[in-house]
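Below are my comments on the model you sent. Please read them beside the coordinates.

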Amino acid sequence: MTESLFPDAKAPDSDTRELKLVRLMDAPREKIFRAWTTPELLKPWFCPAPWRVSHAELDVRPGGSNLIVMNGPDGEEFPNRGVYLEVVPNEKLVFTDAYTEAWVPSGKPFFTGIILLEDEGGKTRYTAIARHWSEEDRKAHEEMGFHEGWGKVAEQLEDFVRQMPD
C-alpha cells in the first residue's frame, strides 16, 4: 500500500536544484529497502568510509521522524534529523530535513531525498535524488562531493545487501 502525505503532488521543474545518482545493483529491492528502513542495517553502509553512523532512529511512515548521527574520522559528530514524506514499501522513500520531528520546522532546510527502487533484469535500478531548496544549496552539495560520496555509499549499500540474510 502506498502511503503519502501528498498523493497528487507534482514535482516542479527542478533541473537546477537536483542532483541524481543512478546505479544498477545486483541485489533485490526488498533487501535494499530493508537496509534503508532498519536502523541496525543502515549503520554499516550509510556514510562513505572512514565516516560512520553511531546512532540511527527511523520511524518509517509518512510524518515519522528520523535521526541519523554521522561521525567523522577526526571525532566530528553530525546529527541529521528529518521526516518521511512518502513510503512505498520496496519501491520509494521520500524524506526531508525541512522538518525535524512532529512537523517542527528545521533551522535551515537543505534538501529532500528520494530513493527509487525498480526491478530491472533480475537486478535493481537504484535512483537516489537530492532535491534542494535552492540552486545555491545544490551547488554547495555538489561541491561537498555529492557524486563521489553518494556513489561510494551506493557501492557500500550493494556490498552490504549482498551479504544480508533473506
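1. Basis. This is a predicted model, in which local features need pLDDT of at least 70 and side-chain atom pairs count only at pLDDT 80 or more, while totals for chains, interfaces and linings use all residues. Residues are numbered from 1 along each chain as its sequence is written, and side-chain values use heavy atoms, with hydrogens and water left out.

2. Elements. The protein has 4 helices and 8 strands, in the order β-β-α-α-β-β-β-β-β-β-α-α from the N terminus. Helices (H or I, at least four residues) and strands (E, at least two) are DSSP runs, numbered from the N terminus.

3. Overall size. The radius of gyration is 15 Å, which agrees with the value near 15 Å for a compact globule of 166 residues. This radius is taken over C-alpha atoms, and the globule rule is 2.2 Å times the number of residues to the power 0.38. Along the principal axes, the C-alpha atoms fill a box of roughly 45 × 40 × 30 Å.

4. Strand 6. Because 4 of the 5 residues of strand 6 (residues 92-96) are buried, this strand is largely enclosed by the rest of the structure. Buried means under 20% relative accessible area, with a 1.4 Å probe and protein chains only. Over the protein, 44% of the 166 residues count as buried.

5. Neighbours of strand 6. Strand 6 pairs antiparallel with strand 5 (residues 77-88) over 5 bridges, and Glu-86 stands opposite Val-94. Two strands pair if DSSP finds at least two bridges between them. The hairpin of strands 5 and 6 has 3 residues between the strands, and Asn-90 takes a positive phi near 65° there. Strand 7 (residues 111-120) is also antiparallel to strand 6, joined by 5 bridges; Thr-112 is the bridge partner of Thr-96.

Notes
Buried < 20%, exposed > 50% of the residue type's maximum accessible area, 1.4 Å probe, protein only.
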